[in-house]
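Hi everyone, thanks for coming.

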Amino acid sequence: MIGESQEFTDIIEMSKKAANFTSNVLILGESGTGKELFARSIHNYNKPISTPFIAINCAAIPESLLESELFGYEEGAFTGAKQTGKPGKFELANGGTIFLDEIGDMPLHLQAKILRVLQDRTIERIGGINPIPINVRVIAATNKNLMKMVENKEFREDLYYRLNVFNITIPSLRERPGDIPLLIDYFLDMYCNKFGVAKKGIEAGAMAILINHQWKGNIRELQNTIEYLCCICEDDIIEVENVRSKIPLNDYTEMVIKEDEIIEIIPIDELEKREIKKALDKYGHTTVGKLQAAQALNIGKSTLYRKLKEYNID
Ligand SMILES: Nc1ncnc2c1ncn2[C@@H]1O[C@H](COP(=O)(O)OP(=O)(O)OP(=O)(O)O)[C@@H](O)[C@H]1O
């Protein structure tokens, strides 16, 4: 997990605390901020590898199937039910963690059922008659404003408080721009390694655009951008032009790049070489031209000849 900003280290500390208990955790944050990564990390911390972690995306499953996915069903519970019945995600997560992703999309009638599971610590398969005891920790996540949903009666208040024992609110990337260079370095390493090329560097201007971009898709968008840059940049250094092909400049980044160009530092020998070439272009490469060039540069003729040799000019 990459990040050194105060905002990030604070939630890492909170996650470590949560990981030491089996209390429920609610992870909030915009899309792509790392909610699933946090959920998996909280689950994995200090636990045997065999402890189950079962994830379900409540927004990706049609409402009609969600109930049977969560709670399972008994043989012949409904038309199309498998002969043998099927355990639900809660049962599969027994002894471990169920990760309810996009909990804000959970229909109200299923919210009531989940609340019952958390209170009674038992589940009932659809069509089943015997409650099955379960011991599961719930980690739920959403990018919706759950508190507002509670106010609007779209999310059950009692379930909200049951889930919100530990609250991890992940700040957006815009709120912690200091972490962007670290993440860029991490993803450059990852993708250059994956594509079997030497690790690429990044020009200061290109870095300025990336740091100042709005990153509405957060770390996921940054990750995809770095993957793209590793693919299209054929040189060792990712330049402004490469980044511009993906991220349009805004007024601010345009200004930052201009400033960067203005204060570009040129090594002294490079500067000397450029000025000598300029003088020779002006006066010509003849003996007389070289004499005039040396005078214009305010150096002796023999110094000019020495430098021509040193810089391999002429
Ligand atoms: N701190 C981090 N360090 C390194 N990689 C990260 C970090 N946070 C997130 N990522 C990476 O960013 C991508 C998106 O993360 P993840 O899927 O956990 O976000 P999410 O908030 O669950 O997204 P969504 O809301 O869309 O489900 C993943 O590839 C994840 O590995």
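**A first walk through the chain**

Let's begin with burial: of the 314 residues in the chain, 26% are buried, where buried means that 20 or more other C-beta atoms, placed from the backbone, lie within 10 Å of the residue's own. Please keep in mind that this is a predicted model, where local features need pLDDT of at least 70 and side-chain atom pairs count only at pLDDT 80 or more, while totals for chains, interfaces and linings use all residues. Residue numbers start from 1 along each chain as its sequence is written.

Now the overall build. The chain has 15 helices and eleven strands; these are DSSP runs, H or I of at least four residues for helices and E of at least two for strands, numbered from the N terminus. Its radius of gyration, taken over C-alpha atoms, is 31 Å, well over the 20 Å from the globule rule (2.2 Å times the number of residues to the power 0.38), so the chain is more spread out than a compact globule. Along the principal axes, the C-alpha atoms fill a box of roughly 105 × 40 × 35 Å.

Next, the domains, whose bounds come from an automatic or database assignment. They are domain 1 (6-171), domain 2 (179-262) and domain 3 (268-310). The centres of domain 2 and domain 3, over C-alpha atoms, are 40 Å apart.

And what surrounds the ligand? There are 16 residues around it, the closest being I2, G34, K35, E36 and L37, counting a residue if its C-beta atom, placed from the backbone, lies within 6 Å. Domain 1 and domain 2 each give at least three residues to this shell.

Key: A residue is buried if 20 or more other C-beta atoms lie within 10 Å of its own, exposed if 12 or fewer, and partly exposed in between; C-beta atoms are placed from the backbone.
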